[in-house]
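Open the model in your viewer and keep the selection tool at hand. This tour goes stop by stop.

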Amino acid sequence: MFGYLSIDKDLPENQAGVFHTFTCGTCLATKKLFGNVARLWVGNDVNVLSVLFHSFLGVNAVPYKGRCVMSPVKERLLMETDKITEDLAVYNALLFYYKLLDDYRDERSLLSGIAVRSFRKVRNKARSIRPDFDEAISERLSELYEKEKSGCGILDEVSEPFAALSRDVCIGLVGEKADRNLLGLCYNVGKWIYLIDALDDLGKDIAKKVYNPIRAAFGGEDAREIVGRNYDELQFLFYNTLNYAAKCYNDLELKAYSCVLRNVFHISLRNKTEEIFGKYISGGKK
């Protein structure tokens with residue numbers, strides 16, 4: 001469930017530069033707390049959250065020129081770490097650990113077992129910093145595992161734990177300042193992430209004979225046939241979720257870094273949805 005949140009590729013270069021500066025902030029916070037290896041798993045998802053929470057809380061990014069591992073010769077704009085980037089570095093590390101654990105639970109392979117053990121030290125430190133994050137992630141993903149294990153075929157129900165986890169993390173980062181619009185945005189984006197990951201993996205999961213919520217909901221043995229047969233219902237589900245997210249974002253009326261945030265919540269998520277639907281529907285079905 002990593003890699004779905006990001007800016008759209010057509011975002012103007014100067015605005016994309018703002019997003020990349022936030023990327024540096026999360027990456028440097030991860031290095032500060034967990035060392036260089038953990039930086040490999042800092043993705044765009046957590047950087048979108050960094051932009052969102054900095055904007056909502058009115059905390060300005062503090063850029064400076066410097067060199068890093070990605071730009072060892074030429075100076076580039078980096079970002080000072082702060083409480084938000086450090087909390088998100090902890091969240092990202094914990095979520096990645098539990099993803100590794102889930103992979104091992106599914107595969108029981110030697111490599112997945114080694115990956116879990118190698119990342120356990122990072123998880124233990126992250127848990128010591130924010131035990132509430134670890135508890136929330138563990139609890140919600142356990143709920144999700146039980147629903148998936150039971151073969152749940154109700155998409156709103158099976159996506160609930162991951163959506164609720166996104167809302168929980170929002171509360172953990174923002175506290176009492178979190179209003180219903182921010183919570184609604186995080187909840188619906190979390191729901192979309194779970195659903196788009198299921199759609200993206202549908203063909204692979206059928207081939208591997210493992211659980212996929214979309215297949216559980218609609219039945220079938222061929223990914224293209226499943227999506228084609230249920231296209232209208234799936235489109236309604238996905239775009240209803242995105243419309244709720246966009247409404248919550250609009251009602252927040254955020255000013256800071258709005259060029260990035262509008263691009264993500266109005267454009268990028270919709271383009272990603274159409275891209276993944278396009279894997280199954282030739283030419284795009286309207």
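The expected span of a helix is 1.5 Å times one less than its number of residues. Keep that rule for the opening stop. The model you are looking at is predicted.

**Stop 1: helix H1.** Select residues 13-34, which make up helix H1. With 22 residues at 1.5 Å a residue, H1 should span 32 Å. Its end C-alpha atoms are 31 Å apart, which agrees. Now step to glycine 35, which follows H1. Its phi is positive, near 95°.

**Stop 2: an aromatic cluster.** Select Trp41, Phe96 and Phe119 together. These three form one aromatic cluster.

**Stop 3: a charge over a ring.** Show the side chains of arginine 130 and phenylalanine 133. What sits over the ring of phenylalanine 133? It is the charged end of arginine 130, 4.1 Å from the ring centre.

**Stop 4: helix H7.** Select residues 160-174. The 15 residues of H7 should span 21 Å, and the end C-alpha atoms are 21 Å apart, so the two values agree. Colour the buried residues of H7, among them Pro161, Phe162, Leu165, Val169, Cys170 and Leu173. Glycine 175 comes after H7. Its phi is positive, near 70°.

**Stop 5: H8 against H12.** Select helix H8, residues 180-200, along with H12. H12 covers residues 231-252. How do the two helices run, parallel or antiparallel? Their axes come within 8 Å and cross at roughly 155°. Angles over 145 degrees count as roughly antiparallel, and H8 and H12 are therefore roughly antiparallel to each other. The crossing of H8 past H12 is left-handed.

Stop 6: The structure holds 10 aromatic pairs. Visit two of them here. Begin with phenylalanine 238 and phenylalanine 277. Their ring centres are 5.4 Å apart and their planes lie at 80°, so this pair is edge-to-face. Phenylalanine 238 belongs to H12, while phenylalanine 277 belongs to helix H13, residues 258-277. The pair links distant parts of the chain, 39 residues apart. Both phenylalanine 238 and phenylalanine 277 are buried.

Next, select tyrosine 249 and phenylalanine 265. The centres of these rings are 5.4 Å apart, with planes at 40°, so the pair is tilted. Tyrosine 249 lies in H12 and phenylalanine 265 in H13, so the pair ties together parts 16 residues apart in sequence. Are these two residues buried or exposed? Tyrosine 249 and phenylalanine 265 are both buried.

Technical notes
Residues are numbered from 1 along each chain as its sequence is written. Side-chain values use heavy atoms; hydrogens and water are left out. Rings of Phe, Tyr and Trp (its six-membered ring) pair if their centres lie within 6.5 Å; planes under 30 degrees apart count as stacked, over 60 as edge-to-face and the rest as tilted. Helices (H or I, at least four residues) and strands (E, at least two) are DSSP runs, numbered from the N terminus. Buried means under 20% relative accessible area, exposed over 50%, partly exposed in between (1.4 Å probe, protein chains only). A charge sits over a ring if NZ of Lys or CZ of Arg is within 6 Å of the ring centre and within 35 degrees of the ring normal. Axes are lines fitted to C-alpha atoms, for helices over the stretch in contact, and angles run from 0 to 180 degrees between N-to-C directions. Angles under 35 degrees count as roughly parallel, over 145 as roughly antiparallel, 65 to 115 as roughly perpendicular and the rest as oblique. A crossing is left-handed if the near helix is turned anticlockwise from the far one by less than a right angle, and right-handed if clockwise.
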